[in-house]
Amino acid sequence: MPLTGQRRLIISPTDILNIKNSFEESIGVGVIGALRRAGKHSAQHYSDIIIAKGLKGEEALKELTKMLEESGWFRASWEFNRRGEIGVRIYKSFESAAGNRRDGNCHFISGFLEEAVERLMNWENIYCQEMRCIARGDEFCEFLILR
Ligand SMILES: [Zn+2]
């Protein structure tokens, strides 16, 4: 579902990379925590929209994915394993698409996924770690969400 009724902004992945690099030049490695926090704040916003529609759990995560795909963020697939972990593969990520860097991890998306899963799955004390990244030459970004 598109974000109807809200102002939308089109920004290229190159612009996002330039903003990210500028923050890194200004504040150093602290940019990692700042981007994770920004991702969490963004996920709060999207999660509130989905929760207001009465959706929870995996159904809510599917709706979130649909919203983000339609908004051009990325294409994602979720995998729930028996250990209670979630794997997320993200293709054509806006955060890594313009990057070609050894250290090009997707910190904004890591924070975003962590907060979204906490809110929509009602899980606590979780951590999202990026295992693969398009910016490092992988075919997709892959995140593992641990409880
Ligand atoms: Zn990545």
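Helices (H or I, at least four residues) and strands (E, at least two) are DSSP runs, numbered from the N terminus. The structure is a predicted model, in which local features need pLDDT of at least 70 and side-chain atom pairs count only at pLDDT 80 or more, while totals for chains, interfaces and linings use all residues. Residue numbers start from 1 along each chain as its sequence is written.

**Overall form**

The protein chain holds four helices and four strands, in the sequence order α-α-α-β-β-α-β-β. Its radius of gyration is 15 Å, close to the 15 Å that the globule rule gives for 147 residues, so the protein chain is as compact as a globular protein of that length. That radius is taken over C-alpha atoms, and the globule rule is 2.2 Å times the number of residues to the power 0.38. Along the principal axes, the C-alpha atoms fill a box of roughly 40 × 40 × 25 Å.

A residue is buried if 20 or more other C-beta atoms lie within 10 Å of its own, exposed if 12 or fewer, and partly exposed in between, with C-beta atoms placed from the backbone. Buried residues account for 31% of the 147 residues in the protein chain. Two residues are in contact if their C-beta atoms, placed from the backbone, lie within 7 Å. Of the contacts between residues at least 6 apart in sequence, 56% join residues at least 24 apart.

Helix α4 covers residues 107–121, and 13 of its 15 residues are buried. The expected span is 1.5 Å times one less than the number of residues in the helix.

Two packed helices are described by the angle between their axes and the distance between the axes. Axes are lines fitted to C-alpha atoms, for helices over the stretch in contact, and angles run from 0 to 180 degrees between N-to-C directions.

| Helix pair | Axes come within | Crossing angle |
|---|---|---|
| α2 (residues 30–52) and α4 | 6 Å | roughly 40 degrees |
| α3 (residues 57–70) and α4 | 8 Å | roughly 140 degrees |

The angle makes α2 oblique to α4, and α3 is likewise oblique to α4. Angles under 35 degrees count as roughly parallel, over 145 as roughly antiparallel, 65 to 115 as roughly perpendicular and the rest as oblique. Between α3 and α4, Gly 57, Ala 60, Leu 61 and Leu 64 in α3 meet Ala 116, Leu 120 and Met 121 in α4.

**Individual residues**

Glu 130 lies in strand β3 (residues 127–132) and is buried, with 22 other C-beta atoms within 10 Å. Beyond its neighbours within four places in sequence, Glu 130 is in contact with Asn 105, Cys 106, Ser 110, Cys 141 and Phe 143. Arg 83 is 47 residues from Glu 130 along the chain, and their C-alpha atoms are separated by 18 Å.

Most residues other than glycine have a negative phi. Lys 92 has a positive phi near 55 degrees; Lys 92 sits in the loop between β2 (86–91) and α4 and is partly exposed, with 16 other C-beta atoms within 10 Å. Asn 122, in the loop between α4 and β3, has a positive phi near 60 degrees. With 10 C-beta neighbours inside 10 Å, Asn 122 counts as exposed. Gly 28, which follows α1, has a positive phi near 70 degrees.
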